[in-house]
Amino acid sequence: MATRATKVAVVQCPSGNLVLLISPSNQKETLLITVDDSSGTLIYQGIPGHDTFDTEEDALAWCSSRCCCGKPVQSIVRGHAFLGMVVTPLQVLVLVAVEVKRDPLPGGHAMCTVTKSKWIKGSLLGASVDSALSKADEAGLEKLKDFTISGYHFYSETYDLTRPFPSTSSVLEYDYEYCWNQWLASPFEKAGLRNCCVVLLQGLGCSRLFSFEHPETNEQVNVGLALISRKSIANPGTRYNARGLNKAAGAGNEIESEQIFWVSPIKGDGSIEDQWSSHIWRRGTVPVHWRHELTSSVTAPKIVIGSSPYEGVDQFYHDAYMRYNGTPMSFVNLLRCDAESGETNLSEIFQQSLREAKSLLSSKYSIQMELNMCNFDWHRIKKEMGLETTVKCLWDRLSPLIEKADLSEGCLKLGRAGSPIKESQVEPRRKQASVLRYNCADSLDRTNLCCFMVSQQLLLEQCRRSHIGFTSRVKTEPDIDFQSRLSSHWGFLKSPEVDVDAVRSLLEPKLLEWLAEAYVRNGDLFSFLYTNTPALLTGPMRDYTSLPPAVSDTQISVQRRYHNVLSDSERQLQYFAFLGRYLSQLLPSLSSLSHSACCVSSPHAVLLHQLSSSTHPARFEAQVLDSSPNSAAWMFPPELDVADICLHLRAPSIVTEVQLWIKNGIASCEFPASISIWVGRYINEMEQIYGNVDLPQCEDGTRISFPIPSYIPDKLRKGEQLVPSLLPPAQPKRLHALSQIVQIQMMRRRDGTRSIILGRLSVNGIVPSDLHIEDSGTNKEAERAVSISLASFPTTDSMVEKKFAEGASKTARELGGKALAKADELVDKYAGDDSKLGSIAKGALSSMGKLAGWMGSKAKVSQNKPTNSQTAVTVGNERREKEREIKSSQDVASQLTAMWSNQASGRAWSNPRSDQEGNEVVQRKAENTASASSGRLDLKGMEEAIMAESKGLRASREEQGQSDCSASAAAAAAA
């Protein structure tokens, strides 16, 4: 079954928000991805009819009705792929491949060259009030957008292009060294949507299919020829800024190339059985520490060798060893050998670096790697003997190395075109034995021309082994010499009679012409990326084609010097901006973006209190907390004087801001009069941040921000309004760093007779870098979050200890703490999934009731028995210990059962405003769950299941208690 081509679209709403649509080639549905307008986070939940649709038209209709509030969309930019996304404090930039050129690959796969791209800007209306872009940010964004993309980058949706053919890795298991949009794709990756952003490579990916008659079957077959050149990101940049090795042991202008030749029979059932062969090689600057020093804009630059030229050479060759599974490497050195050029000294350093690398690889990695060098002064030989003789000398010189390296060959069998390649579907017959690496000073002109001449011999050998691709004259009038070379391994390469003209007469003109055109493109492409000018020495390649003559080499050399002096530094910064490097200098606001605030509230973790039964919470979830409909509102029942809202955050977060969007009704009395905000880790440990703060009357769509301070005073006078920015610094109290609940109360106006109307609510906060927020609101790494909070903050274990008498037995405290810690772990793990928590709670309620009763009985028996931690307490501690009251077992059962009942169902009750109200709530919850407290409690199983979690914490607390007691005793003795 043929797959459709992937289509994407970026929809811009009238408010400036962006919505992304993608119709993947391997799926039938269209995905709708919203961009959170406060943090720029991508949101996709996979809900049919909400963000998954049968067609793009259905997705656009939903987007128009929900995201645009019934208004037509402002603009739609269509394309073929998402290339990346950048989130700034005030805006988002989405990079789209608007136009692409598709080229075939073996197995029915394809690679797409980006021919036109576009940056699309969207606004973040819900960004923090203190968000801003500096002038440095604006300049950095301009550099990012000025980076050359179209025509210089390519990708594949179905095949891993970052590894040599045939790669059996999936598209998302790519090699990071050749992925150029890794940083740009990070917003997609964080949202779990990495498959919606393609893996972008820099370089050339081109191919063509030819139709030939097979000499054995006399049937028409498709013959494919591909040239792939991918550039490494290890040392990116321009000519005079990326030379030799850098600190990361990456060589400047390092390129991996491969030539693929395949014969594909035409089958009617859609299956694939391609016979293929390939050859891979590398090219780059000399892999030692060196640079070019421009002393004048007129004179030639001077080659300067670094003070430690061999530093990092072992890492460079070790990376190559790992990539090619330990195959030997041969280096074709095209540097000049005369003293006037200055390249002789660099050539000698290069040869010495191979000896240093072998020694270091043996001592550091215990690797014996075969490294050989072949020197060939291209310029001197060409000047003395001419081009054709130079090419023949090159073939003769490299013949042993090429024959030793050989080709990779095999058969690829797929049931359907474009399906993923598995190891079982590849039948290898031969594997390339070594890798050649070509270099000159810049790895540009000489290197590209040399590689083209070698590729002619590679193509000739590939045609020989496939018995296809020769001219009609050779097939009709074969001579004895041709037949002997045809049956001999690398017979054409080793033959002294086969020169440049002979190769042109043997190969089909259309094959050789396309290969020459590909190398002209290859040379110009990497020359523009490295020097901002076309390539030199393309005349010999153009002679094979109908391309127009090239610009004179002298003129190009002058242009290069001009660009090197004036624009290389600016273009180098563009490289860094595109790759996300040196963000602290280029994009200061983005350098700490991973620690900035984002929207942490979720429509799947909200509870409205005191609502009549006629209302439906799902409408509130969809309209008020959804990131798209900014004009949606929620109308509370008319008899409600206080709107009490509790938001359960998607992950433990450092809350920084609460935002309220104003939605006015018909009368002004519908707007809330005041607001109060509480923040906390648990529902019974909430801290009041704002108390009865008056809300101003504003226009529709106005955003009111309530910053959450890092410190609050210990005591607040009842009824007093709290303004965080005016708090005195004296006697501060730090909030829990990780909060999970935000509670908001809004009061009706005194003259109000209508319902309270509430606009959208959102909570911004900072999520620790090692936590992950799921789009659906479920935090899969809740266990890790709990372990982090255990190390720094009061835990459920300490909560239980506060409720029990300190004189209770150690066993009672341990079991109670472990049980409640386990309950809290399950709540965090399945937050937002009420059905899952409901099934867990059925058995847990009875277990908690039985456990509480057992603990109460143990407490009565052991209330007068001191624990180990109490033996060394001071006189003051003993006095305070006697003043504490031991609660009865029924109180313990009521509190534990009520707390677990509410947490297990994903809900929490209102924060009590008084002790009396709190006791009433606890008693009411205990009565409701008392009837369900039946069943048998497996104390041994519970203890074994949760022993590991509390053991380390218990030991550390006992050790801390002993040290505190010792310190107190010492102080008392001194007094």
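Ser527, placed in helix α13 (residues 509-531), touches Leu444, Asn532, Thr533, Pro534, Ala535 and Arg560 when residues up to four places away in sequence are not counted, a contact being defined by heavy atoms within 4.5 Å. With a relative accessibility of 0%, Ser527 counts as buried, where buried stands for under 20% relative accessible area, exposed for over 50% and partly exposed for values in between (1.4 Å probe, protein chains only). The structure is a predicted model, in which local features need pLDDT of at least 70 and side-chain atom pairs count only at pLDDT 80 or more, while totals for chains, interfaces and linings use all residues. Residues are numbered from 1 along each chain as its sequence is written, and side-chain values use heavy atoms, with hydrogens and water left out.

The protein chain comprises 975 residues, of which 54% count as buried. Its secondary structure amounts to 27 helices and 33 strands, taken as DSSP runs (H or I of at least four residues for helices, E of at least two for strands) and numbered from the N terminus. Among contacts with a separation of 6 or more, 73% are accounted for by residues 24 or more positions apart. The chain exposes about 42400 Å², with carbon and sulfur atoms supplying 51% of this area, as computed by the Shrake-Rupley method with a 1.4 Å probe.

Across the whole structure, 32 salt bridges are found, each being a side-chain nitrogen of Lys or Arg within 4 Å of a carboxyl oxygen of Asp or Glu. In one of these, the side chains of Arg437 and Glu254 meet at 2.6 Å, N to O; the pair links distant parts of the chain, 183 residues apart, with Arg437 in strand β21 (residues 435-439) and Glu254 in the loop between β12 (220-231) and β13 (255-265). Both partners are buried, Arg437 having a relative accessible area of 0% and Glu254 a relative accessibility of 2%.

A salt bridge also joins Lys404 to Glu370, the closest N and O atoms being 2.6 Å apart. Because Lys404 belongs to helix α7 (residues 387-405) and Glu370 to the loop between α5 (343-364) and β18 (371-375), this pair ties together parts that are 34 residues apart in sequence. Lys404 is partly exposed at 37% relative accessible area, and Glu370 is likewise partly exposed, at 35%. Elsewhere, salt bridges that share partners join Asp406, Glu409, Arg430, Glu461, Arg464 and Arg465 into one network. The side chains of Arg291 and Glu293 form a further salt bridge (3.2 Å, N to O), in which Arg291 is partly exposed at 41% relative accessibility and Glu293 is partly exposed at 31%.

On the surface, Glu29, Asp54, Glu57 and Asp58 gather in a patch of negative charge; such patches consist of residues with over 30% relative accessible area and no salt bridge, like charges being joined within 9 Å. Asp54, which lies in the loop between β5 (52-53) and α1 (56-67), counts as exposed at 62% relative accessibility.

The loop between α1 and β6 (75-79) holds Gln74, which is in contact with Gln12, Cys13 and Pro14 once neighbours within four places in sequence are left aside. The C-alpha atoms of Gln74 and Pro14 are separated by 5.4 Å, although these residues stand 60 residues apart along the chain.

Conventions
Patches are made of residues with over 30% relative accessible area and no salt bridge: like charges are joined within 9 Å, nonpolar side chains (Val, Leu, Ile, Met, Phe, Trp, Tyr) within 5 Å. Lys and Arg count as positive and Asp and Glu as negative; His and the chain ends are not counted. The place of a charge is taken as NZ of Lys, CZ of Arg, CG of Asp or CD of Glu.
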